[in-house]
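The sequence and the structure are shown first.

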Amino acid sequence: MTPDPSCTELLERVSEYLDQELDHDTCRAIEAHCRHCVGCAALIAGLRETIGLCRAATLRPLPESVRAKARTQIDELLGRGRTAE
Ligand SMILES: [Zn+2]
């Protein structure tokens, strides 16, 4: 990931990694981005509470409902959350 990813890059990365731990560099890039991006900061804060993003605590599989909710939030921010399920 680039040192200063765009919102789209950042959120796509987070979406990819929902099922597993984010690597350290990605976590740092996310944190750096969130310092100057209110929208992503809010989303990441929510995801941290929901799924323990960037924490070693994510050792057990996430319930599908939690993953689906997180993906929905990300998709909405990426502007593609309007597709019908
Ligand atoms: Zn952003």
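Leaving out neighbours within four places in sequence, Val14 is in contact with Leu47 and Ile74. The model is a predicted one. Val14 also belongs to the largest nonpolar core of the chain, and Leu47 and Ile74 are members of that core too.

## Overall layout

The chain contains 4 helices and 0 strands. Followed along the sequence, the pattern reads α-α-α-α.

Of the 85 residues in the chain, 18% are buried. Among contacts between residues at least 6 apart in sequence, 58% join residues that are at least 24 apart.

## The nonpolar core

Which residues form the largest nonpolar core? The core has 11 residues: Leu10, Leu11, Val14, Ala29, Ile30, Cys40, Leu43, Ile44, Leu47, Ala70 and Ile74. Helices α1, α2 (24-34), α3 (38-51) and α4 are the elements that each supply two or more of these residues. The largest share, 4 residues, is given by α3.

## Leu43 in helix α3

Leu43 lies in helix α3 and is one of the core residues. Is Leu43 buried or exposed? A residue counts as buried when 20 or more other C-beta atoms lie within 10 Å of its own. Leu43 has 22 other C-beta atoms within 10 Å, so Leu43 is buried.

Apart from residues up to four places away in sequence, Leu43 touches Gln73, Ile74 and Leu77. Leu43 and Gln73 are 30 residues apart in sequence, while their C-alpha atoms are 7.4 Å apart in space.

## How α1 and α4 pack

Helix α1 covers residues 7-16 and helix α4 covers residues 64-77. Their axes come within 10 Å and cross at roughly 165°. Angles over 145 degrees count as roughly antiparallel, and α1 and α4 are therefore roughly antiparallel to each other. Their crossing is left-handed.

Which residues meet where α1 and α4 are in contact? From α1 come Leu11, Val14 and Ser15, and from α4 come Arg71, Ile74 and Leu77. By type, these residues divide into 4 nonpolar, 1 polar and 1 charged.

## Glu9 in helix α1

Glu9 has its place in helix α1. Partly exposed residues fall between the limits for buried, 20 or more other C-beta atoms within 10 Å, and exposed, 12 or fewer. Glu9 has 14 such atoms within 10 Å, so Glu9 is partly exposed.

Glu9 and Leu78 are 69 residues apart in sequence. In space, the distance between them is 9.7 Å, C-alpha to C-alpha.

Note on methods
Residues are numbered from 1 along each chain as its sequence is written. This is a predicted model: local features need pLDDT of at least 70, side-chain atom pairs count only at pLDDT 80 or more; totals for chains, interfaces and linings use all residues. Axes are lines fitted to C-alpha atoms, for helices over the stretch in contact, and angles run from 0 to 180 degrees between N-to-C directions. Angles under 35 degrees count as roughly parallel, over 145 as roughly antiparallel, 65 to 115 as roughly perpendicular and the rest as oblique. A crossing is left-handed if the near helix is turned anticlockwise from the far one by less than a right angle, and right-handed if clockwise. Two residues are in contact if their C-beta atoms, placed from the backbone, lie within 7 Å. Ala, Val, Leu, Ile, Met, Phe, Trp, Tyr, Cys and Pro count as nonpolar, Asp, Glu, Lys and Arg as charged, and the others, Gly among them, as polar. A nonpolar core is a set of buried Ala, Val, Leu, Ile, Met, Phe, Trp, Tyr and Cys residues joined through C-beta atoms within 7 Å.
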